[in-house]
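Subject: Structure handover

Hi,

Here is the structure I promised to pass on.

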Amino acid sequence: MSGNRVAVVGAGMTKFVRRAQETAKELAWEATHLALESCDMTLDDIDAVIIGTAPDAFDAVHMKSEYLSDGCGGWGKPVIRGYVGGGTGVFAPIQGWYHVASGLFDTVLVVCEEKMSSCQPHPQGAFLTIFDHTTERPLEPNLLWIFALEMNAYMNRYGLDKRDIATVAVKNKRNAADHPAALLGDANITLEDILNTEVLAWPVQRGDVSPVTDGAVALVMSAEHVARRVTNKPVWVEGVGWTLDTAYWTNRDLSYPVYVEEAARMAYKMAGITEPRQQIHIAEPYDPFDYKELHHLEGLMLFDKGEAPRAAADGVTQRDGDLPVCPSGGLLGVGNPIAAAGLMKVAEIFWQLRGEAGARQVPGSPKRGLAQAWGDLMQVGTVIVMGV
Amino acid sequence: MSLLHRIEHPRDALAWEGDMPTLGRYTAGIAGEKFFRAIQEHGQFLGTVCPICEIVYVPPRLYCEQCFEHLDEWIEISPIGWVHTFTLVHLDLDGNPLPEPLPLAFIQLDGADGGLVHFLDEIDPEQIFVGMPVEAVFKDPAERKGSILDIAYFRPV
C-alpha cells in the first residue's frame with residue numbers, strides 16, 4: 001500500500017427520490033451533515049472537501065461543484081471536484097484517499113450529489129452530445145442504444161437469455177426493500193415482472209434499467225491517527241484503481257469491460273490481493289443496468305468471463321450467498337443519482353464491514369469489500385477496496 | 001496547409017449545427033420556498049438566523065455554511081436597504097443598445113448580512129450613488145408568481 005493509511009470513519013446519505021423539493025445544495029448539506037454527525041465531527045475537523053458530481057446539465061447549473069460547495073462544507077476550505085461521469089461516485093473517495101494518503105490533509109469530506117429531476121424533459125437530452133458529432137449524432141442516437149448493443153453483444157457471446165440477466169434486477173430491487181433510503185425497493189418483485197416491462201431498445205426493457213433519481217451521499221475520510229481517535233471501527237482503504245479505455249466505443253469489445261479489469265488490477269495490487277474470489281467477501285459493482293452487474297463482476301475477476309449469470313442463477317450473489325453482490329439494492333433498487341449512487345456503494349461497504357447495515361447486513365462478518373463504478377464515455381472503471 | 005493558411009469562413013470546411021436539448025427545472029428549495037411564498041403572499045422578506053455565527057441570511061438558507069447548523073429561526077427583514085454597488089447596463093445580451101441605460105444594483109438589506117441584486121427605478125441614473133438608501137417595490141399581488149421578479153425594482157427612499 002502506497003502512502004499513509006486512510007480510513008473511512010463516517011457516512012451519511014439522503015433518501016433517494018424521484019423529485020426532490022430541496023435544492024442541490026440542500027441535498028448535499030443533508031448528507032454531509034449526517035456524515036459529520038455519524039462520527040461526532042464538525043466542519044472544524046475538516047481540512048479539505050472533495051465534491052463528486054456528474055454532468056453540469058443534470059442539475060442544470062454550470063460550475064456545479066462550485067455552486068454546491070457551501071452545502072458540502074467547502075466554505076473557506078480547499079475544495080476540488082472530481083468528475084469521471086458515472087464513475088465519479090467511486091472516483092471521489094479515491095481522490096479523498098490520495099488527499100489524505102499524501103499527508104497533505106488529515107481529514108476530508110467526500111460529497112457526491114445529483115439532482116437529475118432538474119434536467120427536463122429527460123437527462124437523456126444532456127447525453128445526446130456525448131456521441132461523436134460527425135460520425136454518430138446524425139443518426140440521432142441516445143444512450144440506450146449503447147447499452148442495448150452492449151447487452152446484446154454480451155448475451156450473444158455467452159449464449160445468454162433475458163431471464164439469465166433479469167435475475168439481477170429482481171435481486172437488487174428485493175435487496176433495496178431493506179434500504180431506508182431506497183426509491184425502488186420491492187420485496188415481492190418477480191422475474192416475470194421484469195420480463196413484462198416495456199421494451200426500450202431491445203434487449204433493454206424498462207425493468208433492466210435504474211431510475212432517474214435525486215440524492216446525495218457523503219463520507220468522512222481520515223488519516224490513521226485521527227481515525228483511531230474518532231472511532232473503534234475504522235474501515236481502511238486498502239486499494240484504489242482507475243483506468244480509461246479508448247473513447248471510441250466502436251473500437252472496444254463490448255462483451256467485456258477491460259476498463260474494469262485494469263482498474264481492479266491496480267486496486268488489487270495495492271491491496272495485496274492475489275486471489276480476489278477468496279479475498280473479496282462482498283461486492284458492490286456498478287449496476288445501472290442489470291447486465292452491467294454481471295459484466296462488471298467478470299471485469300473485477302470475481303467470476304470467469306460469461307460465468308457471472310450462472311453464479312447469479314445459483315444464488316451465489318444473493319445477500320446470504322457465497323459472494324453477496326449489491327446487498328444495498330444497488331442502482332436498480334436504491335436509485336441512480338449518478339455520482340451519489342456510486343458513493344452510496346462505498347457507504348454500503350463501510351456499513352457492511354462495520355456490521356451496521358441493519359436488515360441488509362450480510363451474514364458472516366465480512367472483512368473486505370469493494371465498490372466499483374463505470375462512466376465517462378462508457379470507458380472508465382473506478383474501483384476501491386476496503387477492509388477491517 | 002501551414003499555420004498561416006486558415007479557413008476564413010465556416011463554409012470552407014464541412015460543418016453543421018446541433019444543440020443539447022435540455023431545459024432546466026429548478027426548485028427554490030426548502031428555505032427558498034418559504035422566502036418566495038412570503039414575497040408572493042405578503043410582500044415581505046424573510047431571513048434565517050444563525051445564532052452561533054451571528055449571521056442573518058437573506059435570501060434565507062436552510063443551514064449555516066460556516067458552522068453547518070440547521071437554521072430554523074426565521075425573522076422578517078425590512079424591505080429597505082442601501083446601494084452597495086451599481087452599474088448602468090447599456091447593451092442587451094445580444095449586444096444591441098438598450099433604449100435607456102438600465103440601472104442594476106447590489107442592495108444590502110438593513111438587518112441582514114446579505115442582500116439582493118435587482119433593478120433600480122424611479123430615479124435619474126445620474127443621481128445613483130453607493131450608500132443610497134432604497135426600498136423594494138413589489139408588484140401588484142395579483143401579478144406575483146413567487147419569483148424574484150415579484151419585486152418590480154428598488155427605488156430611493
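A:E114 and A:K64 are both buried (buried means under 20% relative accessible area, exposed over 50% and partly exposed in between, with a 1.4 Å probe and protein chains only). They form a salt bridge whose closest N and O atoms are 2.5 Å apart (that is, a side-chain nitrogen of Lys or Arg within 4 Å of a carboxyl oxygen of Asp or Glu). This pair links distant parts of chain A, 50 residues apart: A:E114 sits in strand β4 (residues 107-115) and A:K64 in helix α3 (residues 64-68). Helices (H or I, at least four residues) and strands (E, at least two) are DSSP runs, numbered from the N terminus.

A note on the source: this is a predicted model, where local features need pLDDT of at least 70 and side-chain atom pairs count only at pLDDT 80 or more, while totals for chains, interfaces and linings use all residues. Residues are numbered from 1 along each chain as its sequence is written, chains are lettered from A and ligands numbered from 1 in the order in which they are written, and side-chain values use heavy atoms, leaving out hydrogens and water.

What about A:R277 and A:D304? Their side chains meet in a salt bridge of 2.7 Å, N to O. A:R277 counts as partly exposed at 42% relative accessibility, and A:D304 is partly exposed at 42% too.

Over all chains, the count comes to 26 salt bridges.

Best wishes
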